[in-house]
Amino acid sequence: MAVFDPLAELVAALQRLPGIGARSAQRLAYHILKTPREEVDAMCEAMRAVKDRVTYCSTCSTITESDPCAYCTSPDRDRRVICVVEQPESVAAVEKTRNFRGLYHVLMGAIAPLSGVGPDDLKIKSLLARVAADGPIKVEEVILATNPNVEGEATALYLARLLRPLGPRVTRIAMGVPVGSDLDYADEFTVGKAMDGRREM
Ligand SMILES: [Zn+2]
């Protein structure tokens, strides 16, 4: 009969997190064991609250507590510009620059054939629908801020081909962001420069 071993269960659960190998999982589990009860309770509560309250915007897929999100509903945002990013975390990276006032569209990944991620696995149809929509305000520019790595570049090229016939300017952020890196890890100065230096695709 299998006996429930709490420590082993915790190690196994931690090991399922991205970037956490067997050794790190073990170190973290022992650290949690030594951590005061209140701190662990607070951590569990934060995890539960994230699952209970935080969701994705049905329009732009950014993370939000209310749907549609604060960006999509804000009267202060420039609805003529959409910045396309791979992950919800990148929205925060672009926001930190404080000089982008448009809307967002999160793809929820990038095209990566080797990992089995194709265009249909991403929020591409909804992006095209937003750009093609016949509203009072037309989308005039789509900024492709996918990550500066092979998948991000391929995704930007793919999107540019689909977006251009719909009419807007299609621009790509400058490569001020270190090549091969993620937008979310770049500092706001670098992301700001990348946005400022964007060019026509
Ligand atoms: Zn939204």
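**Tour from lysine 123 to the zinc site**

Select lysine 123 to begin: at 39% relative accessibility, this residue counts as partly exposed, the class between buried (under 20% relative accessible area) and exposed (over 50%), computed with a 1.4 Å probe on protein chains only. The model is predicted, so local features need pLDDT of at least 70 and side-chain atom pairs count only at pLDDT 80 or more, while totals for chains, interfaces and linings use all residues. Residues are numbered from 1 along each chain as its sequence is written, and side-chain values use heavy atoms, with hydrogens and water left out.

**Around lysine 123**

Lysine 123 sits in the loop between S4 and helix H6 (124-132); helices (H or I, at least four residues) and strands (E, at least two) are DSSP runs numbered from the N terminus. Show its contacts, meaning heavy atoms within 4.5 Å. Leaving aside residues up to four places away in sequence, lysine 123 touches Ser61, His105, Val106, Leu107 and Met108.

**The zinc ion**

Next, select the zinc ion and its protein donors, Cys57 (SG), Cys60 (SG), Cys69 (SG) and Cys72 (SG), which lie 2.3 Å from it. Donors here are N, O and S atoms within 2.8 Å of the metal (3.2 Å for Na, K and Ca); water is not among the atoms, so sites may look incomplete. The spacing of the donor residues in sequence is C-x2-C-x8-C-x2-C.

What is the geometry of the site? It is tetrahedral, with angles of 103 to 115° among the four donor atoms; four donors receive that label if all angles lie between 85 and 135 degrees. For reference, the ideal angle for four tetrahedral donors is 109.5 degrees.

Colour the cysteines by accessibility. Cysteine 60 is buried at 1%, and cysteine 57 is buried at 2%. Cysteine 69 has a relative accessible area of 2% and is buried; cysteine 72, at 9%, is buried too. The disulfide count is zero, where a disulfide is a pair of cysteine sulfur atoms within 2.5 Å.

**The aromatic residues**

The whole structure holds two aromatic pairs; rings of Phe, Tyr and Trp (its six-membered ring) pair if their centres lie within 6.5 Å, and planes under 30 degrees apart count as stacked, over 60 as edge-to-face and the rest as tilted. Select tyrosine 71 and tyrosine 104, an edge-to-face pair with 5.2 Å centre to centre and 65° between the planes. This pair joins distant parts of the chain, 33 residues apart: tyrosine 71 is in helix H4 (residues 70-73) and tyrosine 104 in strand S4 (residues 102-106). Tyrosine 71 is partly exposed at 22%, whereas tyrosine 104 is buried at 0%.

**Helix H5**

Move to helix H5 (residues 88-96), where the buried residues are Pro88, Ser90, Val91, Ala93 and Val94. They pack against strand S1 (55-56), strand S2 (63-64), H4, strand S3 (78-85), S4 and helix H8 (188-196). After H5 comes arginine 98, with a positive phi near 65°.

**The whole chain**

Finally, zoom out to the protein chain, which has eight helices and seven strands. Its C-alpha atoms fill a box of roughly 65 × 35 × 35 Å along the principal axes. Of the 201 residues in the chain, 37% are buried.

Methods. Four donors count as tetrahedral if all angles lie between 85 and 135 degrees; four count as square planar and six as octahedral if opposite donors are over 155 degrees apart and all others between 65 and 115; anything else is irregular.
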